[in-house]
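Here are my notes on the three-chain model we talked about. Have it open while you go through them.

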Amino acid sequence: MLDLLDRLGAVTLGALARLGLATLFFGAVFARTWRGLKRGALLVREIHFSGVRSLAIILVSGLFVGMVLAVQGYEVLQRFGSADALGSLVALSLVRELGPVVTALLFAGRAGSAVTAEIGLMRATEQLAAMDMMAVDPISRVVVPRFMGALVSLPILAVIFSSAGVIGAYLVGVELIGIDAGAFWSQMRASVDFRLDVLNGLFKALVFGLAVGLISVFEGYHAAPTAEGVSSATTRTVVISSLSVLTLDFILTVLMFRGLN
Amino acid sequence: MSHPVAAPLIELKNVRFGYGERVVLDGLDLSVPRGQILAVMGGSGNGKTSLLGLLGGRNVAWAGSVHVDGQDVGRLNGPGLYALRRRMGMLFQFGALFTDLSVFDNIAFPYREQTNLPEPVIRDLVLMKLEAVGLRGAAQSMPSQLSGGMARRVALARAIALDPMLMLYDEPFTGLDPISAGIIGRLIRRLNDAFGMTSLIVTHDVNETLRIADRIVLVSDGRIVRDMTPAEVRVSDDIFIRQFADGLPDGPVPFHYPAPAYGRQLLGGASGSGGADA
Amino acid sequence: MNRSKTNVAVGAFVALGVVALVFMALKVGNLVSFDSAEGYRLEARFDNIGGLRVRAPVKSAGVVVGRVESIHLDRDTYEAVAQLRIRPEFRFSTDTIAAIVTSGLLGEQYLSLDAGGDSLYLKDGERFIKTQSAMVLEKLIGQFLYNKAAESSGDKK
């Protein structure tokens with residue numbers, strides 16, 4: 001029993017220490033964000049690394065998610081004789097939830113883990129220490145551009161994901177199943193509000209980008225400088241990012257859409 | 001910045017430093033005059049690398065003072081520390097080249113970050129530094145394509161890019177074949193004399209060290225136990241010196257990490273860290 | 001060389017994002033829903049709003065002229081009060097009837113404005129005098145049965 005309490009205490013203290021470390025680190029990152037932003041070329045490089053190179057997986061996933069939504073949605077809607085509402089069902093699901101959430105989960109696995117591994121390896125091979133000794137701040141030079149890259153890329157990817165999903169749903173719903181194209185689009189437009197649905201979804205993606213970006217750079221920067229340390233940091237990035245995205249999504253959804261329905 | 005030439009570049013007084021509960025340096029005094037190449041030797045885990053950290057301001061001494069060029073390193077704030085580091089170069093154990101940049105861009109890095117020089121000037125400077133380490137031909141290679149010795153030379157070219165007054169070398173010969181180690185050793189000597197630098201080498205390669213250093217200090221138990229010239233080391237019959245110079249496993253520096261008596265631990269069963277099987 | 005290729009790729013990426021956003025705005029979403037600062041407000045009171053929700057469209061002759069901005073219950077009269085935001089280019093006479101109707105049999109409910117003939121127009125903040133509450137199916141059926149019963153008992157006499 002005492003053993004158990006001892007373990008619990010140790011785990012709690014460890015978690016609190018890490019939280020404190022993370023808070024200090026985030027403060028340091030935010031304090032340098034403005035300086036980091038002035039280095040446009042570095043930011044472009046990171047958007048290329050995490051955004052452009054994630055484009056293929058986002059496009060393909062979006063297309064398929066949209067197609068599956070169309071098949072399943074049609075199945076249910078046609079029982080109530082309202083298959084015409086397929087467009088609005090698919091678009092609302094994508095724009096409000098699936099676009100930002102699935103994009104963020106894929107992004108954490110594809111780009112977040114890569115950022116963690118890259119920074120972790122730079123720490124393990126003393127590249128960060130070398131930079132520091134050359135009087136170049138590694139947080140401004142290495143961490144901030146990667147964080148900003150995630151912050152910029154994720155909302156863009158989320159909009160592209162949702163668009164690909166709508167196109168996928170159109171292909172299945174209209175071209176394959178044979179719903180009237182006019183009804184598909186008009187129902188969609190009648191129920192999707194640009195400001196309340198599209199922009200709120202985009203805001204969600206921005207928050208997820210903030211979370212995934214911070215977690216990725218933090219885990220990389222504080223990875224143990226060994227092969228094992230880097231690999232476990234990479235795993236932690238994916239796990240913690242995914243859980244944070246889902247938790248944040250719930251909170252944001254409650255705040256944004258509670259009053260509407 | 002007008003110190004008399006006689007003032008030593010590095011001055012450590014009664015320095016105490018460690019990690020957590022473990023003390024690695026205790027009561028260390030050291031002073032290095034300008035222009036000298038000083039080699040710091042000692043067994044692994046004797047705080048040699050911590051010494052480099054203290055000089056570069058990455059570690060802060062628990063007690064005592066660390067002065068470089070008259071400045072108290074432990075008391076410098078961020079900008080002050082960075083200003084001092086711009087006049088220092090450090091060669092890391094395995095080079096620590098930026099793996100995502102080419103050899104050329106690695107050496108251009110300090111110029112691009114610290115100066116506003118136009119790109120053609122940077123190009124000429126980079127080629128000059130590469131020429132100094134004999135690798136001008138490898139400018140467009142990536143670090144992953146280089147051998148260990150070449151990577152170390154590129155890192156050396158990068159470390160001297162801003163013509164530092166002080167060069168710190170962390171195990172510059174480790175993991176190199178004798179030929180590459182010889183090349184690095186001769187480069188250290190040549191660069192030190194050509195650019196009027198002061199160098200501090202942390203190493204346990206006795207042969208290379210004897211060839212290039214002006215002075216050798218031996219660290220044990222957190223303090224300096226011997227301080228002599230290479231010539232003195234060669235002829236000394238001091239037991240400390242002989243253990244290092246000849247690579248004897250046991251001597252004043254023990255082979256065994258402190259442990260309970262061997263026989264007692266083996267016979268005493270589960271009292272030690274003998275294993276989990278009951 | 002290499003860097004410019006990166007720039008081009010990132011530029012194309014951002015452009016694709018903008019195209020997707022425009023697609024969202026014009027094809028998927030309804031950007032035309034004017035923002036809330038525009039237009040003037042009118043108030044309509046009902047005994048029962050049925051399934052009318054915030055953001056439901058306000059239509060006149062089937063054309064969307066505004067949105068329901070908020071719905072609350074009057075604490076004294078127990079009437080449902082709906083605040084409407086009407087586009088500035090549309091004006092409605094004081095005898096306009098505001099009715100809650102359903103699109104289709106099971107579709108969403110919206111507010112229909114049936115224009116009257118009065119020469120006076122409702123101004124910002126004013127209230128519709130004539131309103132027609134939502135039809136509740138149970139009440140309708142109950143009324144129908146009651147009438148039938150009344151008819152048949154009348155025949156017997």
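1. Let's start with chain C and its layout. The centres of domain 1 of chain C and domain 2 of chain C, taken over C-alpha atoms, are 40 Å apart. Domain 1 covers 1-33 and domain 2 covers 40-142, with bounds that come from an automatic or database domain assignment.

2. Before going further, the ground rules. This is a predicted model, where local features need pLDDT of at least 70, side-chain atom pairs count only at pLDDT 80 or more, and totals for chains, interfaces and linings use all residues. Residues are numbered from 1 along each chain as its sequence is written, chains are lettered from A and ligands numbered from 1 in the order in which they are written, and side-chain values use heavy atoms, with hydrogens and water left out.

3. Chain C has two helices and seven strands, taken as DSSP runs numbered from the N terminus (helices are H or I, at least four residues; strands are E, at least two). Reading from the N terminus, the order of elements is α-β-β-β-β-β-β-β-α. Of the 157 residues in chain C, 34% are buried, where buried means under 20% relative accessible area, exposed means over 50% and partly exposed is in between (1.4 Å probe, protein chains only). Among contacts in chain C with a separation of 6 or more, 63% come from residues 24 or more positions apart; a contact here is heavy atoms within 4.5 Å.

4. Now the sheet in chain C. Seven strands make an open sheet with mixed pairing, in the order β1-β4-β3-β2-β6-β5-β7. At the edges sit β1 (40-46) and β7 (130-132) of chain C, each pairing on one side only. From one strand to the next, the twist averages 30°. Two strands count as paired if DSSP finds at least two bridges between them. One pair to check is β5 (residues 97-102) with β6 (residues 109-114) of chain C, antiparallel over six bridges. Within that pair, Ile97(C) has Asp114(C) as its bridge partner.

5. Over to chain B, and strand β9 (residues 215-220). Six of its six residues are buried, so β9 of chain B is largely enclosed by the rest of the structure. Arg215(B), Val217(B) and Val219(B) point one way, while Ile216(B), Leu218(B) and Ser220(B) point the other way, and all are buried.

6. What does β9(B) pair with? There is β3 (residues 37-41) of chain B, parallel over four bridges, and β10 (residues 223-228) of chain B, antiparallel over five bridges. Ile216(B) takes part in both pairings: it is the bridge partner of Ala39(B) and stands opposite Met228(B) in β10(B). β9(B) and β10(B) form a hairpin with two residues between them, and Asp221(B) in the turn has a positive phi of about 55°.7. Still in chain B, helix α5 (residues 148-159) has twelve residues and reaches 16 Å from its first C-alpha to its last, close to the 16 Å expected at 1.5 Å a residue. The expected span is 1.5 Å times one less than the number of residues. Ten of the twelve residues of α5(B) are buried, so the helix is largely enclosed by the rest of the structure. The buried ones include Arg152(B), Arg153(B) and Arg158(B). What covers them includes α5 (127-133) of chain A, along with α3 (103-114) and α4 (119-132) of chain B.

7. In chain A, have a look at helix α6 (residues 138-177). Its 40 residues should span 58 Å at 1.5 Å a residue, and its end C-alpha atoms are 55 Å apart, which agrees. There is a kink of about 35° at Val144(A), shortly before the proline Pro145(A); the bend is the angle between axes fitted to the seven residues ending at a residue and the seven starting there. α6(A) is mostly covered, with 33 of its 40 residues buried. Gly178(A) follows α6(A) and has a positive phi, near 95°.

8. Also in chain A: is Arg123(A) buried, partly exposed or exposed? Arg123(A) is partly exposed, at a relative accessible area of 27%, and lies in helix α4 (residues 86-124) of chain A. Setting aside neighbours within four places in sequence, Arg123(A) is in contact with Leu128(A), Tyr221(A), Ala223(A) and Pro225(A). Pro225(A) is 102 residues away along the chain, with 6.1 Å between the two C-alpha atoms.

9. Last, the chain pairs. Two pairs of chains touch, and chains A and C have the most contacts of these. Chain B and chain C do not touch, with their nearest C-alpha atoms 12 Å apart.

Terms used:
Axes fitted to C-alpha atoms, helices over the stretch in contact; angles between N-to-C directions.
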